[in-house]
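Dear colleague,

I am passing on the structure we spoke about, followed by some notes on what was found in it. Please look at the model first and then read on.

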Amino acid sequence: VVRDLVITAIVIGLLPFILRSPRLGAYVWAWISMMIPHRAAYGFARTMPFGQMVAIATLVASLFSKERRPFPVNAVTVVYLALIFWMTITSFFAINAPQVVLDRWVFVVKIHVMLFVTLMLIRGREQIERLIWVIALSIGFYGVKGGIWTVLTGGGGRVYGPDGGMAADNNALGLALVMLLPFFHYLYKMATRRVVRLGLLFCFVTITLSILGSQSRGALLALLAMATFLGLKSSRPVLTTFVLALTVAMAVMFMPDSWSGRMKSIENYEDDGSAMSRIYTWKTLWALALDRPLVGGGFVVDTPQVFAIYAPAEGLGHNLDGNVYVAHSIYFQMLGEHGFPGLALYLLLGITAWKMAGRLARESKEDPEYANWLPLLMRMVQVSIAGYSVGGAFLSLAHFDVSYYIVGIAVLADATVRERKGGQAAAATSATGPPPLPLTASRQ
């Protein structure tokens with residue numbers, strides 16, 4: 001009961017401040033949607049609609065607040081909006097029951113709407129870093145907790161995320177932590193206080209242990225890919241790569257033989273039922289996409305109806321007949337749900353975000369206003385995208401809010417740079433005054 005009262009008091013107490021400053025609401029929404037703190041309670045708070053309360057307060061306050069900026073329009077947001085529009089179109093042609101599709105559509109769109117609001121409320125290094133702190137610590141809390149649990153159990157206990165959240169599953173939590181490690185690296189580099197740097201270093205090590213402790217093979221592959229890119233993208237690539245390799249190697253040596261046996265099953269996937277179920281599902285969704293190439297099957301295609309029509313006959317040889325599986329891949333998930341156009345837009349969103357981050361890193365390294373933080377932050381965005389791209393190939397997390405926030409960080413950085421340049425141009429015009437009238441006009 002005490003936890004329920006404390007969490008309720010915190011959220012309710014923040015609402016008046018959110019009404020005064022919707023930017024605070026953007027931070028609180030990220031905290032609640034990712035950490036899901038009320039799930040740590042045991043009573044009435046577990047089912048309280050805290051997210052809705054914060055969302056409504058933020059939306060109402062943003063309508064009348066001077067903190068709201070114009071929605072940033074660039075290649076990334078254009079593709080982003082096109083993707084949401086296309087997912088809406090495919091919902092009208094979905095195979096599943098309309099109510100099921102509508103519920104899923106509302107769930108997905110709610111994530112994007114609040115992120116769009118965030119994109120209009122946050123600008124500048126300080127505000128962007130606050131958002132990074134909120135995201136990193138909200139999920140990093142479970143990483144630190146899981147890392148300690150991994151040490152206490154000798155690597156024998158599997159690590160899970162917050163109950164009721166998108167990162168509740170061990171595989172999802174593992175991938176989320178991989179995506180956030182680059183930002184812990186960024187915060188470590190930016191920190192000036194020794195105690196903060198030591199705390200972030202502790203988080204980095206325990207989160208690495210937690211990723212291994214999730215016993216997710218997809219998260220392991222994502223970790224290796226992320227570590228490789230993190231080494232290459234750092235300012236001291238050789239040293240950073242060596243330190244990362246040493247950290248991962250020591251963490252792996254700590255894990256028990258049961259963990260090693262599970263990870264080695266990647267090589268012998270034909271003898272692993274979980275791996276074969278993925279291949280079976282991918283073939284099913286591929287057949288669905290070929291039959292409905294434009295609109296796919298709409299939201300929620302892991303149904304007996306879909307598998308009865310499109311599942312391959314060879315699945316019978318692996319005792320998979322009659323079973324229904326989720327996509328286990330962000331790529332096949334988008335392909336099966338929203339057809340080839342949906343997959344193309346989804347891939348294009350990641351590509352444009354990657355290119356934007358690379359462009360900002362190059363252009364800002366000579367600018368004294370941004371040189372000491374923006375290039376590193378944008379490289380970490382790219383590292384995070386690389387980890388998600390690899391790990392997501394084996395997980396059904398196409399609608400994972402963390403991945404869209406990573407894209408959002410690049411958009412916020414771009415909007416910050418653009419608005420500063422626009423302000424400088426306006427100030428220059430104001431200082432010099434309007435151009436003189438032509439002589440012919442003045443004589444008249």
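The side chain of Asn74 comes within reach of the backbone nitrogen of Val76, at 3.0 Å, and a polar contact of 3.4 Å links the side chains of Asn74 and Asp414 (a pair of N or O atoms within 3.5 Å, where within protein one must be able to donate a hydrogen and the other to accept it, and residues adjacent in sequence count only if both atoms are side-chain atoms). This is a predicted model, in which local features need pLDDT of at least 70 and side-chain atom pairs count only at pLDDT 80 or more, while totals for chains, interfaces and linings use all residues. Residues are numbered from 1 along each chain as its sequence is written, and side-chain values use heavy atoms, with hydrogens and water left out.

Asn74 lies in the loop between α3 (50-63) and α4 (75-91), helices being DSSP runs of H or I with at least four residues, numbered from the N terminus. Asn74 is buried, at a relative accessible area of 7% (buried means under 20%, with a 1.4 Å probe and protein chains only). Apart from neighbours within four places in sequence, Asn74 is in contact (heavy atoms within 4.5 Å) with Met356, Val411, Asp414 and Arg418.

As for the protein chain, it has 17 helices and 0 strands, and buried residues account for 52% of its 444 residues. Among its contacts between residues at least 6 apart in sequence, 80% join residues at least 24 apart.

With regards

Terms used. Helices (H or I, at least four residues) and strands (E, at least two) are DSSP runs, numbered from the N terminus. Buried means under 20% relative accessible area, exposed over 50%, partly exposed in between (1.4 Å probe, protein chains only).
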